[in-house]
Amino acid sequence: MLDRIAQLQEEVKNASSIHIDSQWLNYSGVTEYFSEELVISVKAGTVIADIQNTLAENNQTLPFYIRNENQSIGAAYAIGAQDLSDSVLGVKIIDGTGELLNFGGQVMKNVAGYDVSRMLVGSEGQLAIITQISFKVIPKSYIVSLEASYKTTERSVLRREIESRLKTVFDPKGIFN
Amino acid sequence: MSIVEELSRVLPKGILITGEENTRPFECDGLSVYRQKPLAVVLPENIDQIKQVLKICKTHKTPVVTRGAGTGLAGGAMPLSESIVLGLSKLSQVKHIDAKNQLAIVEPGVRNIAISEAVASYDLYYAPDPSSQIACSIGGNVAENSGGVHCLKYGLTVHNVEAVKILTIDGEELILSRSDQGLGLLTLMNGSEGLLGVIVEITVRLIKTPDLARVVMAGFGSVRDCANSVADIIKAGVIPAGLEMMDSFAIEAAEGFAQVGYPLDAQALLLCELDGTEEQVQAELDIVLKVLSGASSIKVSNSEQERLDLWKGRKSAFPAVGRLSPDYYCMDGTIPRRHLADMLEKINELSKKYQLRVANVFHAGDGNLHPLILYDANVEGELERTEEFGTEILKLSVDMGGSITGEHGVGVEKLDAMCHQFNSKELEIFHKIKAAFDPEALLNPGKAVPELHRCAELGAMHVHNGKLPHPELERF
């Protein structure tokens, strides 16, 4: 029997159109948590409240504003803003050709290659399936206040053009919608 | 008309630098073992001139190597043979300070420390502090996503940049900001090593100068105890502003140079900086001193002068090691903190194997290692042996779940090591990301991401899930 990741890869290879959501992804749970490293790795379908509960056992927390604790972490990442991005250390993704790829990791500093793990924050499920995310976490006592970061809506023509080229990089067949 | 003739026709006097002698200062960056003279160097004074240069380079299909202060340690700003070096050192104005919102708008050639100096009267500072901060420029910091000793608490460059203005290879302006809807293009630009665009303006975030900062210096009888104390401090719920570790050789070198009272009998030394309000610092200090109760010696700074003195040894560790050896090679791997002690032991084994001395200076809080391998370039084969030694350390870093570079970047130096960290599919994505910005590959081409055939020829091909990628490719 194929594991869930292999199933997803197969599905992507055969599909002409996929809309990613947590239920379809069906992939959740904390994969690794090293409290003394301030690092947690979670499958993208994991409900945020579950992550927070795990972290609370060591008086730690995700260091960004959370709109809805009942949402999956993958959904928060897909619509996320810079404050969430600041805590991302790495991602595992399946691109539009079904390849499983790994960018970043579990270390605080990593400047090898372009920062794809943070670039995909806000990608709204249009570029790749995010399967696993690693975050930097912090002791609760270091949280002063967290505010929702606002986003502008306007995008220049040039920016839109670059974003559409980047979509093609990850999803050359245009199956994610 | 040649590109140099065209540049000299369009640019005002004093901007274009040509000729063997005049371009020599630009033939390398901080990694001086790699050198190459460019066709010419341009030092523009404003954005319009940069646009003119880019336009001419594009017409001639001539590569552009953007350069800040040239302090990089990976050859990222080393010229290519048929390239134009675009030096941004003359764009050095702090354009606007918004103390209320804790922001400053600066040109790329502003030196890192000059930002903090410019805003000091508002009780603000710019947090990331690479060791080269008196010389390195903020544009280069963004291009490399530079770190420093305060990253654990205050983040890397990417966490402290609010917006950048870049020029594409077509000379078009693009503003990327933290508040943008859509993909994280601002974060993508951080650490892009001059391959995606030319960074011409940066809005940095400023942080309130803490009321107080104190340093705890702890000596240890064993490297393992020192490494373990790093994890213990964080486990105890404290995030120090800085958490640095040095081994006995580095202690000896630093003390010989700076004479600040480092314990010469210790096998390893920990420097732990705590900052904030007086109450915060005291509370953290109580916890840290308890955690460090097994140390062989402890000293806590009691004045700002004492704090600076204790840091002076660490900050001068590189030149201090430079006194002991004709040459040294600085590595930059990162690993999960829990492997620090194992890594140090492995490095010591390798030191014996390669018959080369190593001084270890770590940003221990971040798991960022800076082993300094001592060698003599005039001894035949020693540089090659040093590079082999370095490559083994980087491979170990990746195998332990870390990275080949934490803050220095890939440049030309770590192209081979990239083959070990990424498989060919991942590297292909990197090449395509570049092409999305720079389809003709004119911005610093050949740096930061290795060509796939390079990895194949190296034989260090990343074996992914037990399968070699591109089995159809011939391998030598």
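Reader: In what order do the 4 strands of the open sheet in chain B come?
Author: The order is E1-E2-E4-E3, with mixed pairing. Strands here are DSSP runs of at least two residues, helices (H or I) runs of at least four, numbered from the N terminus, and two strands pair if DSSP finds at least two bridges between them. This is a predicted model, where local features need pLDDT of at least 70 and side-chain atom pairs count only at pLDDT 80 or more, while totals for chains, interfaces and linings use all residues. Residues are numbered from 1 along each chain as written, and chains are lettered from A and ligands numbered from 1 in the order written.

Reader: ok, which strands stand at the edges?
Author: E1 (16-17) and E3 (64-67) of chain B; each has a single partner strand, so one side of each has no neighbour in the sheet.

Reader: And how do E2 and E4 of chain B run?
Author: They run parallel, joined by 3 bridges. B:Val42 has B:Leu86 in E4(B) as its bridge partner.

Reader: New topic: how many residues of chain B are in contact with chain A?
Author: 56, and they meet 47 residues of chain A. Contact means that C-beta atoms, placed from the backbone, lie within 7 Å.

Reader: Which element gives the most to that side of chain B?
Author: H16(B), with 8 residues.

Reader: What about domains, where are they in chain B?
Author: Domain 1 is 3-87, domain 2 is 94-208 and domain 3 is 212-319; the bounds come from an automatic or database domain assignment. The centres of domains 1 and 2 of chain B, taken over C-alpha atoms, are 22 Å apart.

Note on methods
Contact = placed C-beta atoms within 7 Å.
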